[in-house]
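Please keep the sequence and the 3D view open while reading.

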Amino acid sequence: MNTISPKGLRSAGMAIAVSAVLLSGTMLSGCGDSKNRNNDEVKISVVEEGDLITGKPYRIRADRNLQDLRAEHGDLTAVNPVTGETAGENEWFYTLPEEYFTSYELNYDGDNNDGNNSEYNILKAFTETFHATLEDGKTQKTQKTFAVTDPLFPDQWHLYNIGQNPYGVTDPPHKKIDLNAIPAWRVILPDEKKQIDGSGVYAAVWDTPIDLNHEDLRDRIYDPGIPGTEDFVNKGLPLEDLQTDYSYAHGTLVSGIIASSAMNRLGGRGVAFNAMVTSFDMGADISQTLSAMLKTERLNLVNASFQVYLFSTHVPAYWDLFEALYENNIAVIRSHGNQFNAAYDENSRPYSGSACLSSGSDCEFNQTDDLARFPFHISVGALNSLGSKSSYGSTGANLWVTGFGGEFGAYVIAPPEYKSSAAIVTTLSSYDPGDFWDPEEYSPWRTEENKHYSNTMNGTSAAAPSVSGAAALAYQAKPDMTVSQLRYLLAQTSRNDTEMPSLALTPLEGYDDTYGEQVIFDYGWQDNAAGFRFSNWYGFGVADAGALVKAALDCDKDPVCDRMKDLPEKFISANENPCAYTDDSKRLITCSFSDFQNEEGEPLGQAELILDAVTYDISGLNYLPEGIIEACALATSEEDEEETEHNVERKKAVFEVNALLELAAESESGTKSLLKPLYANWDYQSGFNVPDAIIYEGLLEGYTLEPLDIAVSAFYQEPLKEDPEHKYRLSVRSPCQIDADRLNENMRLTVYGRRK
């Protein structure tokens, strides 16, 4: 057991029968021939490299026999705390304790290698002061500097945030706003004699092709060896693609956040730096890609850092494949979207964003495609380095957790007057940035040494892989973890506003001129009936890698987590005509759900179901020409066969109506959820983007809008039982009259859960 001497020095607990020395603390003794070198300075050398951050022990050696060796800050042991290996003659294992980092106070009285005690410089190179007791009883002080094993790790605030600002941003990161990765990396698996680092975990990066030759990724690439997939699996990133469009670097940027190598003296490191990744080209046929994932022998999770904006679709074949991934315990972790402020001109979006921008609410509804709506996918929002939702980050009822996306960094495009807070540091490409357009050319961060890396990655595209990396660490801790267990552990361990005050929210309200009344755009944080705290802005909170790994190790001891090793049952409401007008205006409808049956038609009966996932099928939503805005008549008119001015104006009218549509759900326990808030623009029934969707190969194959299941997270783990006094409900409000008969044809509540 490590002890602290009266002088505050740390040594290892090896009992030595020298009572005079024990008065000032325990000691470690070296063995060997006696040498009369007491007048020379003791030299400490590194025999075997370790890592200060993760606590991988350094094996160090003194150049002579000592009665005792102590460290002012670190721990010295005779036995490797990870592997159990015994040190040799005049050797010790040296580590910095976890609390040194988790205190987030790195300043100390000693000197580091350049005499500058700033926390950032200490993180780059830490100088330990050793106190050696010589054989004649005299003491001597000596120092040894341990350089960081990944030179860009100090710049990766999302992994460890001490307020560093090498980027030149005007709003530096706020200390402690990070993934809490160090406590996860410090976990030792005793049976394997190994630390948590992502070993044995395999991730698919469904994105633009990864640069397979990148110095910090080439050792992390896994080839699944599936015949016939060479055109879209690990196809590599040619320089010509990067020269054509910088966005082709996206998959490489994402991959580095998940799994770039560590302790190789190159770049930074990934969250799961010993996990393996496989590149799946997002431009390939979707069914073919998903089928290949299912054929991959080793696959734990899929990172999908892309979205389909303003193109509402349902392709049954995709839904079935997503379901197969879920049933095979392959988690899909997706970026939630960057459209919070999406108020573009009419060439990009056929709507005005003035209402959402002025109210401070989300400008776009993004439960459009099956990737977004499948209820077991893990949708990830974005946090910035200041501890609040990233400015661009989409919100929504299907959000699960929040990862680290940052903001835009400094000098993103070139104008030096552009200021912001920090983005994410990750891998860029193996090519010289002078050979393609480099948006960081004018950044004060860019140097010759870091030219293969970026400090401007952002978006929920960056947030999702931070959660994927944390999930990979959890999969190493519990290799048989199911997707439901991962979702539960994320919901249980993520940090909400009670732990991170910077996440504080109040209900967002305002006056709407169309309805002539106060309306609510967001409920803020709510505690549901199962004790989970949720908000549409952050989901269940900000991911915590350390807590997630420890909870994964204890999953089998947690009866709730253990129960999720089995797939949930699926029940669908079967009551006829669940929806009815609430008043004579026919613009407000309430739907109540009961008579739940499984897919074999067997009723739920008196059983109580604990919910894992919930969706509402709103595909029967249809407007009538009458309403309180003129756009109702045009929005419900027939489309011309050819693209005409009428069709253009009709699309605008549909967007105007949809912006004023509100979908609000309530559980039988009284928990509320805004599925679709006012002013969130939506393409539903507009026909917008359909002609252009052929750019996504195979996207229109089997395209339909029925069913159109909208997922909600707020009711997680709440009960469902047949109770006529307490039902799950959905309220629909529109500026146009709603066709209740058409809505009743399809309106169903689907729940997935386990019997209590």
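**Helix α7 against helix α8**

Helix α7 crosses helix α8 in the left-handed sense. The model is a predicted one.

- The axes of α7 (residues 286-295) and α8 (residues 316-327) come within 10 Å, with a crossing angle of roughly 15 degrees.
- Angles under 35 degrees count as roughly parallel, and α7 is therefore roughly parallel to α8.
- On the α7 side, the contact is made by Ile286, Ser287, Leu290, Ser291, Met293 and Leu294. On the α8 side, Ala317, Tyr318, Leu321, Phe322, Ala324 and Leu325 meet them.
- By class, the residues of the α7 contact with α8 are ten nonpolar and two polar, with no charged residue.

**Helix α11 against helix α13**

- Helix α11 (residues 460-477) packs on helix α13 (residues 545-553) at about 25 degrees, and their axes are 8 Å apart.
- The two helices, α11 and α13, are therefore roughly parallel to each other.
- The crossing of α11 and α13 is right-handed.
- From α11, the residues in contact are Ala470, Ala471, Leu473, Ala474 and Ala477. Their counterparts in α13 are Ala545, Leu548, Val549, Ala552 and Leu553.
- The contact of α11 with α13 consists of ten nonpolar residues, with no polar and no charged ones.

**The six-strand parallel sheet**

- Six strands make an open sheet with parallel pairing, and their order is β13-β12-β14-β15-β16-β17.
- At the edges stand β13 (276-281) and β17 (399-404); each has a single partner strand, so one side of each lacks a neighbour in the sheet.
- On average, neighbouring strands of this sheet are turned by 30 degrees against each other, direction ignored.
- Within the sheet, β15 (residues 331-335) and β16 (residues 378-383) are joined in the parallel sense by three bridges. Arg334 has Ser379 of β16 as its bridge partner.
- Helix α6 (residues 250-259) lies across β12 (202-207), β13 and β14 (301-304). The helix runs at about 155 degrees to β12.

**The four-strand antiparallel sheet**

- A second open sheet holds four strands in the order β3-β4-β7-β6, and its pairing is antiparallel.
- Its edges are β3 (44-48) and β6, each with a single partner strand, so one side of each is left without a neighbour in the sheet.
- Neighbouring strands here are turned by 40 degrees against each other on average, direction ignored.
- Four bridges link β4 and β7 in the antiparallel sense. In this sheet, Tyr58 stands opposite Tyr94 of β7.

**Salt bridges**

- Side chains of opposite charge can pair when their charged atoms come close.
- With a nitrogen-to-oxygen cut-off of within 4 Å, the count is 36 salt bridges.
- One of them joins Glu85 and Arg59, whose closest N and O atoms are 2.3 Å apart.
- Glu85 sits in the loop between β6 (75-77) and β7 (91-95), and Arg59 sits in strand β4 (residues 58-62), so this pair ties together parts that are 26 residues apart in sequence.

Note on methods:
Residues are numbered from 1 along each chain as its sequence is written. This is a predicted model: local features need pLDDT of at least 70, side-chain atom pairs count only at pLDDT 80 or more; totals for chains, interfaces and linings use all residues. Side-chain values use heavy atoms; hydrogens and water are left out. Two strands pair if DSSP finds at least two bridges between them. Axes are lines fitted to C-alpha atoms, for helices over the stretch in contact, and angles run from 0 to 180 degrees between N-to-C directions. Contact means heavy atoms within 4.5 Å. Angles under 35 degrees count as roughly parallel, over 145 as roughly antiparallel, 65 to 115 as roughly perpendicular and the rest as oblique. A crossing is left-handed if the near helix is turned anticlockwise from the far one by less than a right angle, and right-handed if clockwise. Ala, Val, Leu, Ile, Met, Phe, Trp, Tyr, Cys and Pro count as nonpolar, Asp, Glu, Lys and Arg as charged, and the others, Gly among them, as polar. A salt bridge is a side-chain nitrogen of Lys or Arg within 4 Å of a carboxyl oxygen of Asp or Glu.
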